[in-house]
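Subject: Structure handover

Hello,

Here is the structure for your files. My notes on what was found follow below it.

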Amino acid sequence: TLEAVEGLNLMSDVALGFIAFAIGNEFRLSALKKTGKQATIVGIVQGLVAALFVDAALIGLHFILGDKLPISSAITLGAIATATAPAATLMVVRQYKAKGELTDLLLPIVALDDAVGLIAFAVSFGIARAMDSAQFSVASILLSPLIEIVGSLLLGAIAGFVLTKLETMFRSNSNRLSLSIAFIFLMVGLSAVEFTVAGVECGFSPLLVCMMLGTVFCNICPLSDDLMERADRWSTPMLAVFFVISGANLRLSVFSQGVLVFIGVVYIIARSAGKYCGARWSAKAVGCDHTVQKYLGIMLLPQEGVALGMCVTARKLGESSNLICNITLFAILIYELFGPVITKQALIHSGDIQPMSEEVRNRRQIKLEKAKNEKK
């Protein structure tokens with residue numbers, strides 16, 4: 001039942017911590033130096049432009065639909081629009097062994113994109129919570145997100161430093177892995193703490209806390225490479241449960257509501273336009289090749305893990321969180337059905353996926369025939 005699904009929210013919170021911790025691994029200073037100015041600028045701009053497009057479209061709808069689409073929900077959905085699914089893109093690149101200028105720029109942008117999304121979400125969600133609370137004021141709108149971001153980054157940085165120091169006390173990788181996992185659980189628990197500053201209710205963002213934990217840990221701990229790889233393998237079943245629980249939250253009955261489907265379609269169109277235009281404009285500004293400008297944006301459409309994680313956090317908005325989750329899940333369903341296919345076609349047209357040579361084709365045909373003969 002849907003009530004039973006809600007009882008499993010703790011699993012979603014913990015899995016969200018592991019997702020954010022893994023994103024922190026993408027922020028190694030050595031890797032960021034290699035990505036260069038182009039990937040950094042494009043990664044930031046395309047995410048923010050997508051958020052602005054969705055915010056503008058959904059806030060405009062608010063004045064037409066009224067309370068059916070609260071402004072707080074529109075702002076939150078705009079922040080969720082920044083996130084891109086790295087898994088779907090990487091799967092296509094690896095499966096077809098794509099190589100070229102577009103692929104080289106795509107991978108660091110996808111990694112950077114989620115971090116930009118987490119920061120944008122922290123700001124937007126802080127504003128949305130302030131608007132939904134009885135303490136709505138200019139001070140609460142400005143103060144709450146600022147405290148949440150600074151406090152979350154500071155807590156994650158301190159925890160990352162402490163974790164690194166404690167890791168050196170163990171010689172067994174199993175014990176080190178257990179300690180890393182325990183710290184992620186600890187950060188998720190501490191992120192649930194809420195406090196009041198200057199009369200404004202504030203809290204921590206579990207996404208930012210765990211991302212900063214992973215960032216500091218990966219940059220200062222010499223053992224982080226091996227431990228991150230082990231943590232990824234350990235957390236795979238938990239992430240599978242996370243996706244199942246997230247999918248179970250999609251109420252199919254919502255598709256009978258024309259208004260909600262309409263909002264979902266507007267969200268998809270606005271986000272797609274924002275990703276494409278933001279990537280194209282910024283790629284042109286930093287001097288990327290015309291092929292990169294043309295195809296990069298449509299390869300940034302897929303959404304999954306981080307967007308779902310933002311939905312989990314958005315539950316704090318109360319009733320309006322159902323609208324946010326259903327629209328996001330609806331959009332993810334569409335993007336994951338068509339995103340990988342579009343990515344493949346873009347890589348083919350850009351020349352990063354080379355057609356199979358006649359020699360390789362003949363070699364594969366010989367292997368297939370040999371396998372058939374052996375079965376006979």
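The chain folds into 15 helices and 2 strands; helices (H or I, at least four residues) and strands (E, at least two) are DSSP runs, numbered from the N terminus. This is a predicted model, in which local features need pLDDT of at least 70 and side-chain atom pairs count only at pLDDT 80 or more, while totals for chains, interfaces and linings use all residues. Residues are numbered from 1 along each chain as its sequence is written, and side-chain values use heavy atoms, with hydrogens and water left out.

Overall figures

Of the chain's 376 residues, 50% are buried, where buried means under 20% relative accessible area, exposed over 50% and partly exposed in between (1.4 Å probe, protein chains only). Counting contacts (heavy atoms within 4.5 Å) between residues at least 6 apart in sequence, 83% join residues at least 24 apart.

Cores

A nonpolar core here is a set of buried Ala, Val, Leu, Ile, Met, Phe, Trp, Tyr and Cys residues joined through side-chain atoms within 4.5 Å. The largest one has 77 residues, and the members that touch the most others are Leu58, Ile80, Leu118, Leu213, Tyr267 and Met310. Helix H14 (residues 320-350) gives this core its largest share, 9 residues. A second, separate core has 22 residues, including Leu102, Ala283, Val292 and Leu347.

Beyond its neighbours within four places in sequence, Met310 contacts Ala79, Ile80, Thr82, Ala83, Gly117, Leu118, Phe121 and Leu207.

Ser124 belongs to helix H6 (residues 101-132) and is buried, at 12% relative accessibility. Leaving out residues up to four places away in sequence, Ser124 touches Ile75 and Ala79. Ile75 is 49 residues from Ser124 along the chain, yet their C-alpha atoms are separated by 6.0 Å.

Thr215 is part of helix H9 (residues 206-220) and is also buried, with a relative accessibility of 13%. With the same exclusion of residues up to four places away, Thr215 touches Gly24 and Phe27.

Rings

Rings of Phe, Tyr and Trp (its six-membered ring) pair if their centres lie within 6.5 Å; planes under 30 degrees apart count as stacked, over 60 as edge-to-face and the rest as tilted. By this rule there are 3 aromatic pairs. One of them is Phe18 with Phe185, edge-to-face, at 6.3 Å centre to centre and 80° between the planes. Phe18 lies in helix H2 (residues 9-24) and Phe185 in helix H8 (residues 173-190), so this pair ties together parts that are 167 residues apart in sequence. Phe18 is buried at 5% relative accessible area, whereas Phe185 is partly exposed at 38%.

The charged end of Arg271 is placed over the ring of Tyr335, 4.7 Å from the ring centre. The rule for this is NZ of Lys or CZ of Arg within 6 Å of the ring centre and within 35 degrees of the ring normal.

Cysteines

How many disulfides does the structure hold? There are 0, a disulfide being a pair of cysteine sulfur atoms within 2.5 Å. For Cys218, the nearest cysteine sulfur is that of Cys221, 8.3 Å away. Cys218 is buried, with a relative accessible area of 4%, and Cys325 is buried at 15% relative accessibility.

Regards
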